[in-house]
Amino acid sequence: MCTLDNIIQIIGKEVARLILGLIGVLVVVVVNALVLTWVERKVSGHMQRRIGPKEVGPYGLIQPFADGLKLLAKELLTPANVDKPLYYLAPVIVFIPVLVSFIVIPFDGFLQVKDINVGILVILAFSSLSVLSILIAGWGSNNKYSLIGATRSVAQNIAYEIPLLLTLLPVVFMANSLSLRDIVEAQREGWFVWRWQFFAFLIYFIAATAETNRTPFDLPEAESELVAGFHTEFSGMRFALFFLAEYTNIFIASAIATTFFLGGYLGPVLPGVVWFFIKTYFLVFVIMWFRWTFPRVRFDQLLNFSWKILIPVAFANLIVTGGILKL
Amino acid sequence: MIILADVMFVVLILITILGALTTVLSGSLIYALMGLIATMFGIAGLYIYLNAPFIAMMQILIYVGAISILIAFAIMLAGPMFKRPKEWSRPIKFISGAITACVTFILFLNVIMRTEWTTIKAEPIKTTTKELGRALFDRFMLPFELISLLIVVSIIGAIMIALYSRKER
């Protein structure tokens, strides 16, 4: 493998790491989406006493590939009255936060593209771009259902971003760092869920479910009233990009919960990566479980729940944690 | 590596300026907002260039994540295909705006030309979040608290406006 060494020497170690990391991230994004579409159908099926997909391949395992091929082969339709630049831009922008977030997530002690000392801020800052892309998509489509979906999404994201930030802050206090790897290392003595942050974990998880637009908080794309919400006018590969981003966002939300509250890659016997994926996919499963357990909330209930319950509780938790740490 | 850094700097400046121009000149509200967001990203990039990643991330978090989204929410109420009406952009307005801009530019240019710029060869200082926090709660305690007071006052004001307009109905 002397040629590989030569290449690394020419372009420099940092750049080589970044390129490898980017390839790895793209592979994880695609594989994760393929796995999750299959898991989602199977979980939904079994929860409704159906079997789910089973025709294509053993246990329907090839089904996601068939779906992907179908979406790839579809003609890209552009409706006549859309705002073209915005319409083309939206599915691209939705991918920026997804890719950036993966750079700082520690899959293992060393398996991380780059450990940035303000890691969690990078994820939080760029995650706001996904709202922006929903907004552009809804606006550019020039369709009433899309616009209503986008408006709802913006209101929902403003409301739920605040408890999300407020529940991550006490963990940052306790770990004394914004770097995700330091936060995981600070949990060697015990996971933060069991060290006073149980309520923070609950609130984070509820807020994260809302941020990823999943049922019970899926008002931006409520099928029964808005057709498909903000992506009504998107078809083929453009729709597939939104879909990919949605599943990756679920993964990222669960990965942050794992890193902040469930000890990240720490665990006995098995290697760190395996532990990380077990914990993360368990949380993803819980999010899917929510979908078939809770009915969709009404819009005023959604906003009231965040502003009147989640935010005060999160604030109280923040103050108590700060007080205890100072004593 | 120096060349790459220079190219990045020029790209960031271009993003900032083009975004600002779009914000001012675009007739469509949503495009103006897009321009504003591009400008914010350009400025955040400049902060990273100045070795202050924390400030850069805060710039994106607050200006893109919170303020731009709030502006977007307000724009949403204007209707999707809203364009600036012709009578809003009369020549008198344009001329007075241009004069104001020119005067401001000359004033700034004057200040910039008078300042003696000393270039230091050393690496820029890396400010950590720890030092930032110390500075905020030590040296700049009073301005920090005053800003929070200002925010409290504005929130109370907003609540009062909402309450009164509701009563009038």
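Predicted model: local features only at pLDDT ≥ 70, side-chain atom pairs only at ≥ 80, totals over all residues.
Q: Why is α6(A) called roughly antiparallel to α11(A)?
A: The axes of helix α6 (residues 119–140) of chain A and helix α11 (residues 236–261) of chain A come within 12 Å and cross at roughly 155°. Angles over 145 degrees count as roughly antiparallel, so α6(A) is roughly antiparallel to α11(A).

Q: Which residues of α6(A) and α11(A) meet?
A: From α6(A) come Ile120(A), Ile123(A), Ser130(A) and Ala137(A), and they meet Phe242(A), Asn249(A), Ile256(A) and Phe260(A) of α11(A). By class, this contact of α6(A) with α11(A) has 6 nonpolar, 2 polar and no charged residues.

Q: At what angle do the axes of α5(A) and α11(A) cross?
A: The axes of helix α5 (residues 95–104) of chain A and α11(A) cross at roughly 35° and come within 9 Å. The crossing of α5(A) and α11(A) is left-handed.

Q: What makes up the contact of α5(A) with α11(A)?
A: Phe95(A), Val98(A), Ser101(A) and Phe102(A) in α5(A) meet a set of residues in α11(A), including Leu241(A), Leu244(A), Asn249(A) and Ile252(A). The contact divides into 8 nonpolar, 3 polar and no charged residues.

Q: How many aromatic pairs does the structure hold?
A: Over all chains there are 25 aromatic pairs.

Q: What makes the pair of Phe234(A) and Phe242(A) edge-to-face or stacked?
A: The ring centres of Phe234(A) and Phe242(A) lie 5.0 Å apart and the planes stand at 75°. Rings pair if their centres lie within 6.5 Å, and planes over 60 degrees apart count as edge-to-face. The pair of Phe234(A) and Phe242(A) is therefore edge-to-face. Both Phe234(A) and Phe242(A) are buried.

Q: How do you know whether Phe277(A) and Tyr281(A) are stacked or edge-to-face?
A: The rings of Phe277(A) and Tyr281(A) have centres 6.1 Å apart and planes at 20°. Planes under 30 degrees apart count as stacked, so the pair of Phe277(A) and Tyr281(A) is stacked. Phe277(A) and Tyr281(A) both lie in helix α12 (residues 272–291) of chain A, 4 residues apart, about one turn of the helix.

Q: Why is Phe277(A) called partly exposed?
A: Phe277(A) has 25% relative accessibility. Buried means under 20% and exposed over 50%, with partly exposed in between, so Phe277(A) counts as partly exposed. Tyr281(A), at 25%, also counts as partly exposed.

Q: Which residues form one aromatic cluster?
A: Phe201(A), Tyr204(A), Phe205(A), Phe260(A), Phe261(A), Phe290(A) and Phe294(A) form one cluster.

Q: What makes Thr209(A) buried?
A: Its relative accessible area is 0%. The cut-off for buried is under 20%, so Thr209(A) is buried. Thr209(A) lies in helix α9 (residues 198–211) of chain A. Not counting residues up to four places away in sequence, Thr209(A) touches Arg214(A), Thr215(A), Phe217(A), Ile287(A) and Phe290(A).

Q: How do you know that Leu86(A) is buried?
A: Leu86(A) has a relative accessible area of 2%. Leu86(A) is found in helix α4 (residues 84–93) of chain A.

Q: What is Leu86(A) in contact with, leaving aside its neighbours within four places in sequence?
A: In chain A, Leu86(A) is in contact with Ile136(A), Trp139(A) and Gly140(A), and in chain B with Ile30(B), Tyr31(B) and Met34(B).

Definitions and conventions: Residues numbered from 1 in each chain as written. Chains lettered and ligands numbered in written order. Heavy atoms only, no water. Axes fitted to C-alpha atoms, helices over the stretch in contact; angles between N-to-C directions. Helix = DSSP H or I, 4+ residues; strand = E, 2+ residues; numbered from the N terminus. Parallel < 35°, antiparallel > 145°, perpendicular 65-115°, else oblique. Contact = heavy atoms within 4.5 Å. Nonpolar A, V, L, I, M, F, W, Y, C, P; charged D, E, K, R; others polar. Phe/Tyr/Trp six-rings, centres within 6.5 Å; stacked < 30°, edge-to-face > 60°. Buried < 20%, exposed > 50% of the residue type's maximum accessible area, 1.4 Å probe, protein only. Left-handed = near helix turned anticlockwise from the far one by under 90°.
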